[in-house]
Amino acid sequence: MQRKLTEKKVYGITGRANNSNPAPIGIAWQKFMKIKPAGECYGIYTNYASDYQGDYDFILASPVQFETAEPVVLVAGDYLEFEVLEGQ
């Protein structure tokens, strides 16, 4: 589903990966889920170097600040939203 967001400040764990080596994303999700920040969780993929084979940045974020989190501003715009139910 497409969702229009206003500018929003979130806090998260950041990294860089690619489809040939997605391991950094899994490692970051494990850390993020141990912290279990309150509120919604966002998985954001951005700053693509090229196509589906290139590197990209990822951010696992929450609107609630937590220890070790980096602040990130999501610019206003249209985003794709995927709902993940607990346990999936």
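## A tour from the sheet to the salt bridges

Begin by selecting Thr 14, which stands opposite Ile 59 in S4. You are looking at a predicted model, in which local features need pLDDT of at least 70 and side-chain atom pairs count only at pLDDT 80 or more, while totals for chains, interfaces and linings use all residues. Residues are numbered from 1 along each chain as its sequence is written, and side-chain values use heavy atoms, with hydrogens and water left out.

**The sheet**

Now widen the view to the strands around that pair. Helices (H or I, at least four residues) and strands (E, at least two) are DSSP runs, numbered from the N terminus. Four strands make an open sheet, in the order S3-S4-S2-S5, with antiparallel pairing. At its edges sit strand S3 (42-46) and strand S5 (70-74), each pairing on one side only. From one strand to the next, the twist averages 45°; angles run from 0 to 180 degrees between N-to-C directions, with axes being lines fitted to C-alpha atoms, for helices over the stretch in contact.

Next, select helix H1 (residues 23-35), which packs on the sheet and touches strand S2 (8-17), S3 and S4. Contact here means heavy atoms within 4.5 Å. The direction of H1 makes about 10° with that of S4.

Then step through the strand pairs; two strands pair if DSSP finds at least two bridges between them.

- S2 and S4 are antiparallel, with seven bridges.
- S3 and strand S4 (residues 56-62) are antiparallel, with five bridges; select Tyr 42 to find Ala 61 of S4 opposite.
- S2 and S5 run antiparallel and are joined by five bridges; select Lys 8 to find its bridge partner Leu 74 in S5.

**The salt bridges**

Arg 16 has 38% relative accessibility and counts as partly exposed; buried means under 20% relative accessible area, exposed over 50%, and partly exposed in between (1.4 Å probe, protein chains only).

Move on to Glu 81 and Arg 3, whose closest N and O atoms are 2.5 Å apart in a salt bridge. Because Glu 81 lies in the segment after strand S6 (77-80) and Arg 3 in strand S1 (residues 2-5), the pair ties together parts that are 78 residues apart in sequence. Glu 81 is partly exposed at 28%, and Arg 3 is partly exposed with a relative accessible area of 28%.

Now pick Lys 4 and Asp 78, a salt bridge with 3.0 Å from N to O. Lys 4 in strand S1 and Asp 78 in strand S6 are 74 residues apart, so the pair links distant parts of the chain. Lys 4 is exposed at 64% relative accessibility, whereas Asp 78 is partly exposed at 48%.

**Last stop: Asn 18**

Finish in the loop between S2 and H1, where you will find Asn 18. This residue is buried, at 16% relative accessibility. A polar atom of its side chain lies 2.9 Å from the backbone nitrogen of Ser 20 and one lies 2.7 Å from the backbone nitrogen of Asn 21. Leaving aside neighbours within four places in sequence, Asn 18 is in contact with Gln 53, Gly 54, Asp 55 and Tyr 56.

Note on methods
A salt bridge is a side-chain nitrogen of Lys or Arg within 4 Å of a carboxyl oxygen of Asp or Glu. A polar contact is a pair of N or O atoms within 3.5 Å; within protein, one must be able to donate a hydrogen and the other to accept it, and residues adjacent in sequence count only if both atoms are side-chain atoms.
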